[in-house]
Amino acid sequence: MYPMAPLVRTVLNTAARVAPGPAGRLAFHLFVRPLGRARPRPEEQALFAAARTGHLRVRGKDVVTYAWGDGRRPVLLVHGWSSRASRLTAFAEALVERGYSPVAFDAPGHGESSGRASNIVEYRAIIRELHAEHGDFDAVVAHSFGVLATHLALRDDVRAGRLVGIGGVSSFTMLLAGFRAGFGVDELVVRRMRAYVEQRVAPGEPGIWDRFDADRTPAELDLPVLLFHDEDDDMVPAVQARRLARAHGDRARLVVTRGLGHRRILKDPGVVAQAVEFATAGSVPEPAVTVPEAGIVPVPVSGIVPGGRIATG
């Protein structure tokens with residue numbers, strides 16, 4: 001529970017009944033605040049010092065962007081919540097070595113970008129701007145909340161050849177449940193926030209709230225998908241990946257790891273190698289594994305070995 005949760009709960013639950021507009025606005029501003037600003041790690045600094053740094057003005061906020069390579073065969077990297085682009089350094093390095101041109105950004109309130117908050121609509125706007133600048137992406141590699149935001153962008157005219165999702169959130173509803181549990185607010189507060197988003201954040205887009213879920217008819221995207229998720233992920237339950245794999249159907253394959261959690265999976269050599277191989281291959285992945293609602297089933301071909309490494313043979 002957040003330190004101020006009891007006060008916030010009282011204020012929001014009361015306001016939701018007597019002042020719907022302000023309640024929705026306050027709930028939204030709390031919901032979209034990252035939990036701190038991640039700092040770059042020493043092993044990330046050299047690559048990002050060599051990047052071509054750019055700036056976008058998106059929905060009134062300054063966004064820092066990064067690009068490498070000669071501009072051909074661009075691959076978009078999308079970081080997660082309370083994270084930053086540099087957390088995807090291992091993927092960017094491997095892509096550059098193969099002659100691809102990684103493109104990344106720090107969302108508002110993250111990394112080197114300004115602001116104190118961001119949201120899925122802003123992520124979509126940034127991805128759209130980068131698509132307009134760099135052209136169709138050969139692939140997108142996204143982590144955590146970035147997987148959710150990428151699906152929204154791909155539904156709205158952003159084109160990519162393939163998608164790699166790592167530790168991905170598939171259900172916006174899960175994030176809302178976490179918000180409700182953290183502050184102990186009523187369902188009415190969420191309804192007020194939805195009204196605020198639809199009327200003020202994304203006006204003119206009826207039904208956009210329902211399109212926030214990545215596992216809502218993702219088959220319409222019609223692109224090959226490779227998903228990675230660790231069974232010990234303490235931030236995003238593995239069921240999120242299983243739901244997304246099933247929703248994508250035969251175009252998707254799910255690789256389940258062990259012992260990497262939500263963050264170390266981004267640096268695991270086996271994960272990086274398989275992800276980059278897929279992102280640069282242009283081939284359709286093997287059919288998705290049928291995974292039951294409970295339990296985790298190792299994926300044929302890759303499998304799982306102790307220590308978090310993905311077996312490749």
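Helices α5 (residues 120-134) and α6 (residues 145-154) have axes that come within 9 Å and cross at roughly 60 degrees. Axes are lines fitted to C-alpha atoms over the stretch in contact, with angles from 0 to 180 degrees between N-to-C directions. Helices are DSSP runs of H or I of at least four residues, strands are E runs of at least two, and both are numbered from the N terminus. The two helices are therefore oblique to each other (under 35 degrees is roughly parallel, over 145 roughly antiparallel, 65 to 115 roughly perpendicular, the rest oblique). The crossing of α5 past α6 is right-handed (the near helix is turned clockwise from the far one by less than a right angle).

The model is predicted; local features need pLDDT of at least 70, side-chain atom pairs count only at pLDDT 80 or more, and totals for chains, interfaces and linings use all residues. Residues are numbered from 1 along each chain as its sequence is written, and side-chain values use heavy atoms, without hydrogens and water.

From α5, the contact (heavy atoms within 4.5 Å) involves I120, Y123, R124 and I127. From α6 come F145, L148, A149, T150, L152 and A153. These contact residues comprise 8 nonpolar, 1 polar and 1 charged (Ala, Val, Leu, Ile, Met, Phe, Trp, Tyr, Cys and Pro are nonpolar; Asp, Glu, Lys and Arg are charged; the others, Gly among them, are polar).

The lining of the largest cavity draws at least two residues each from β6 (163-166), β7 (225-230) and α9 (239-248). A cavity is a set of points on a 1 Å grid over the protein atoms alone where a 1.4 Å probe fits but cannot get out; lining residues have an atom within 4 Å of a point. The lining divides into 6 nonpolar, 4 polar and no charged residues.
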